[in-house]
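Visitor: I'm new here and would like to learn how to read a structure like this. Could you walk me through a few features?

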Amino acid sequence: MTSKESHSAKQLGADAHRGTFSGGLGFVLAAAGSAVGLGNIWRFPYLAARDGGGLFLCIYVVLALTFGFTLLITEVAIGRRSKQGPLTAYGYFNRKWAFLGVLSFVIPFIIFPYYCVIGGWVLKYLTVYLTFDGSSAEQEGYFGSFVSDSWQPMVCLGVFSFMTYYVVSRGVEKGIERFSRIVMPALLFLVVFIAFYGLTLSHTDANGVTRTGLEGALVYLIPNFDGLTLKRFLMIALDATGQLFYSLSIAMGIMVAYGSYMKRNVNLGQAVDRIEMCDTAIALLAGLMIIPAVYVFSGTEGMSAGPGLMFVSLPRVFGSLGFVGDLLGLSFFLLVLFAALTSAVSILEACVSGVMDKFQWQRKKAVKVITAWGMLLAVVVNLGYNVLYFEYELPNGAVGQILDIFDYVSNNVLMPFLAICTCILIGWVTRPDLLVGEMRLNGYHFWRKPVYVVMLKYIVPVLLVILLLGAFEIY
C-alpha cells in the first residue's frame, strides 16, 4: 500500500468513527439550521427596528457579504482541512496556537446552558398556544412571573435539553442531518407564511389612527436617516457586526465542527455561499415577520421593546387577532422552537466533536457528559431569576442576571477575541493560501479571493478590535 493509499485508508477510518454529512445538501441544511437560530428570529428584528430599519439592513447585507463571509468560510475550511473538532483543529495548523481550540470549546460550553433556558421559555409559550390559552401570555407580567417561578422553567429547560441530547446522540447523518432535513423546510415555510400574513394586517387605535402591515414593512425596509451622525452610523455598523456572530454561528466552534464532517468531494465554497444566502434571507424575513405586526398594533413605540418583542409584545399582537391570533401564535412559537433546536444542536455538537477528537471518546459518552454539565449550569442560570436573583452592572453599562453575564462573556468578549486570533493565525502565521486551496477544491471559482485576503488580514481584525473595545465602553 502506498503512503497516499495509507493516508486515505486512515481518513476513511476517522470519518467512520466521527461521522460525515451525506453530501453538500446535508451540510448546508445543518449549517443553515445552526445559523438560523434565536439570533435571527429574536435579536435581528429589534436591532433593525432600533437602528433605522433599511439603514441597518443595507449595512448588514454589505457586512454579511464581506466580514461574515470571511469568518464563515475560514472556519469551515479550518474544519475540513484538519478533519478535527474545534478543540484540536487550531493546533493542527500551529501548535503554539492550540489555545484557540480550548477557547472555541469554552464558548459553546458557556452558551449551551443559557440557550437551553431560553429554549425552555419558547417551549412554554408553544404549550400555551397549543392548549389555546394564548390570552394568558398577553397578560401584564406573565413572562416575569413565569421566569421567576421555581419549577416550571426547570421542567421546560429539561425537556428542551433532552430533545437536543437525543438529536446529537444519534450522530451526524442519522441525527443532525436527518433532523435538519425535516425541520429546515418547515421553518422556512412558517417564516414566509407569517411574514406575508403580517402584511395583510390592519388596525385602528383608540385615537382613530389606522396602521397597516404594509406601512410597517416600509418602516422596516426604507432607511431612516433622521438624526444620523457619524458616531450613530458607526454604532449601527457595530450592531450589525455583532449580529453576524449570532446569525452565522461564527467564532463559537460550530462551523469548524461542521466543516470537519464535510466530505472532500463537496464544493466547500459553493456550500458556504448557499448558507450565506439562506441565513441572510431568513434574517430579513424574520424582521418582516415581526416588525410590521408590532407596528400595526403598537406603532413605532412598540418596536422599541427590545428583546421583549418576542415574549411580551408579540403575544399581545396575537391576542388582538382573536382565534386567528391563537393559530398565528402557535405557528410562530413552533417556528421559534425549530430555530432554537437547530442552533442548540449545533452548539452541543461543537463541544461533543471537540472532546471526541481530543480524548477519543465515543459519541454516546461525549454527549452524556457535556449535556449533564450543561444541564447543571442551566439550572444555575435559571435560579438566577428566583433563588439566586441579583443585579449586576456589566462593563458595558447594562444591568443583568446570571444569564446576561454568561451572554456578555461569551458573545461580547470571548467570541470577538477568538475571531481576532483566528484572523491572525490564518492571515499572518500560516498564510491565507493554505485555506484558499481548500476552498478551490472541486472547481469552486473563488472570485472573492482578493476581498477575502484583505478582509482576513486587515479589515476584519480592526472591526473586531473596535467591537471588543465597545464591549468595555472604552469609546
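Visitor: Let's start with charges. Which residue forms a salt bridge with arginine 80?

Guide: One thing to keep in mind: this is a predicted model. As a general idea, side chains of opposite charge can pair when their charged atoms come close. Here, the partner of arginine 80 is glutamate 438, and their closest N and O atoms are 2.9 Å apart. Arginine 80 sits in helix α4 (residues 54-82) and glutamate 438 in helix α19 (residues 433-439), so this pair ties together parts that are 358 residues apart in sequence.

Visitor: How many salt bridges does a search of the whole structure find?

Guide: That search turns up 12 salt bridges.

Visitor: Which residues in α3 and α12 meet?

Guide: On the α3 side, they include Arg43, Phe44 and Leu47; on the α12 side, Asp239, Gln243 and Tyr246 are among them. Sorted by class, this contact has 3 nonpolar, 5 polar and 4 charged residues.

Visitor: And the surface? Which residues form a nonpolar patch there?

Guide: Look for Ile424, Trp428, Val429, Val454, Tyr458 and Ile459, which together have about 490 Å² of accessible area. Helices α18 (402-429) and α20 (449-471) each give two or more residues to the patch. Valine 454, for one, lies in α20.

Technical notes:
Residues are numbered from 1 along each chain as its sequence is written. This is a predicted model: local features need pLDDT of at least 70, side-chain atom pairs count only at pLDDT 80 or more; totals for chains, interfaces and linings use all residues. Side-chain values use heavy atoms; hydrogens and water are left out. Contact means heavy atoms within 4.5 Å. Helices (H or I, at least four residues) and strands (E, at least two) are DSSP runs, numbered from the N terminus. Ala, Val, Leu, Ile, Met, Phe, Trp, Tyr, Cys and Pro count as nonpolar, Asp, Glu, Lys and Arg as charged, and the others, Gly among them, as polar. Patches are made of residues with over 30% relative accessible area and no salt bridge: like charges are joined within 9 Å, nonpolar side chains (Val, Leu, Ile, Met, Phe, Trp, Tyr) within 5 Å. Accessible areas come from the Shrake-Rupley method with a 1.4 Å probe; for residues, only the protein chains shown count as cover. A salt bridge is a side-chain nitrogen of Lys or Arg within 4 Å of a carboxyl oxygen of Asp or Glu.
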